[in-house]
Amino acid sequence: MKTGLLGGISPKNFLRDYWQKKPLLVRGALPGFQGPLTPGGLIDLACCEDAQSRLITQKNGKWEVRHGPFTARNISRLPKKHWTLLVQDVNHFLPEARELLLQFNFIPHARLDDLMVSYAPEGGGVGPHFDSYDVFLLQGTGRRHWQISAQQDKKLVMNAPLKILRDFRPEQEWVLEPGDMLYLPPGYAHNGVAADGHCMTYSVGFRAPTYQELATQFLIYLQDNSEIEGMYHDPDIRLQSRPGHISADMLHQAVMALDKIKWDRAEVERFLGIYLTEPKPHVFFTPPLHPLTQQEFACQLEKGKLQLNLRSRMLCSGKYIFVNGELSEVGSTARTVLGKLADYLALPGGEGFDDEALELLYQWYLYGYIDLSRTK
């Protein structure tokens, strides 16, 4: 089915022809879009302790990066031009931001990273660069001038606090108006500069871990989930003429012991779900101050709406359910309803939760992973 978000292209054709292949400019992807945040609202977020924010300034050809939280005074003392304020994980704070992300659910949730929002006066930007992930750049208020290039030269400016391309050679350029959107695959060089004041851009980013990162994290997972019995022993050790050398017997015994480390597809499946839903280091959850009993919780569940906390990540795979780095193995009935929660991030009341699903949901409620609200 065609969608205005992709300029009349169906999600299926977008994935076939554009995803990780070539850029796509969509005029009027979201007509009339202004974004859920005002510049003042973004500045307020940047002043919060638990928000990840950066302030990037450029003066006399030199770049400077400062990390938040900031104060209103920090922002008020900035010049009229040539700076950018960025806030990561805006979807952790605004339900409207989550709703915006759901419009991109033709890409699996396992690939989604976050919604980053930037605000810049005229001339503000972060310099020509490239990203290692897919990104949709949706223009909110104001206008932004974008230049892009498929160049292979990725050499960076030495000693800069940002990854600025040393020799950026633009091949295409446009000015994006509110509601316009630009999709860029990984590795595409680009440079966006605010064309006027109060320029806000919404960046929907999709994570792509390196194989090295996957391997490193998997080895850590195995360390925490493997138990190799026994210990090194050598009751028949022989006199060694070269005491500074590792003997063939020691090497053989070590090889035999390490060969006991085994994994299969199911082990990788469990690891991947845990890894992909693990909260970022700065993310914390707040349990309910006056928690309901399980019986009260079940009653409210039938009457109200259940939704994942804005900071929660949830995925399913086979018989496993993953929430915020925790694994649960559930039966088919519970799996059906919990799978809907993973897909839609919310469920209406009266879904007919079985005892297994209800018990798991109650645990997540006590941890602060899910929220309840009454339907109107």
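Predicted model: local features only at pLDDT ≥ 70, side-chain atom pairs only at ≥ 80, totals over all residues.

Colleague: Okay, how many helices and strands does the chain have?

Modeller: The chain has ten helices and 17 strands. Its C-alpha atoms fill a box of roughly 80 × 65 × 45 Å along the principal axes.

Colleague: And what share of the residues counts as buried?

Modeller: That would be 42% of the 376 residues. As for contacts between residues at least 6 apart in sequence, 78% of them join residues at least 24 apart.

Colleague: Let's talk helices. Which residues of α5 are buried?

Modeller: L214, F218, Y221 and L222. Looking down the axis of α5, the buried residues fall within an arc of 100°, so they line one face of the helix.

Colleague: What's exposed on the other side of α5?

Modeller: Over there you'll find Q212, L219, Q223 and D224 exposed.

Colleague: What do the buried residues of α5 pack against?

Modeller: They pack against α7, which covers 265–277.

Colleague: How far apart are the end C-alpha atoms of α5?

Modeller: They're 20 Å apart. With 15 residues (211–225) at 1.5 Å a residue, α5 should span 21 Å, so the two values agree.

Colleague: What caps the N-terminal end of α7?

Modeller: D264 does that: one of its side-chain oxygens lies 3.2 Å from the backbone nitrogen of A266.

Colleague: Which residues of α7 are buried, and what do they pack against?

Modeller: The buried ones are E267, F271, G273, I274, Y275, L276 and T277. They pack against α5 and also against the strands β13 (314–317), β14 (320–323) and β15 (326–329).

Colleague: Changing topic: is S203 buried or exposed?

Modeller: S203 has a relative accessible area of 9%, and buried means under 20%, so S203 counts as buried. Its place is in strand β11, residues 199–206.

Colleague: What is S203 in contact with, leaving aside neighbours within four places in sequence?

Modeller: D114, L115 and M116, plus V135, F136 and L137.

Colleague: Last thing, cavities. How many are there of 30 Å³ or more?

Modeller: One. The largest cavity holds about 30 Å³ of space.

Colleague: What lines the largest cavity?

Modeller: Its lining is D50, A51, Q52, Q88, D89, H92, F93, H282 and R311.

Methods:
Residues numbered from 1 in each chain as written. Heavy atoms only, no water. Helix = DSSP H or I, 4+ residues; strand = E, 2+ residues; numbered from the N terminus. Expected span 1.5 Å × (residues − 1). Buried < 20%, exposed > 50% of the residue type's maximum accessible area, 1.4 Å probe, protein only. Arc of directions from axis to C-beta. Contact = heavy atoms within 4.5 Å. Polar contact = N/O pair within 3.5 Å; in protein donor to acceptor, adjacent residues only side chain to side chain. 1 Å grid on protein atoms, 1.4 Å probe; cavity = no way out; pocket = protein on both sides within 12 Å on 5 of 7 lines; lining within 4 Å. Points joined across faces, edges and corners; volume = space filled by probe spheres on them.
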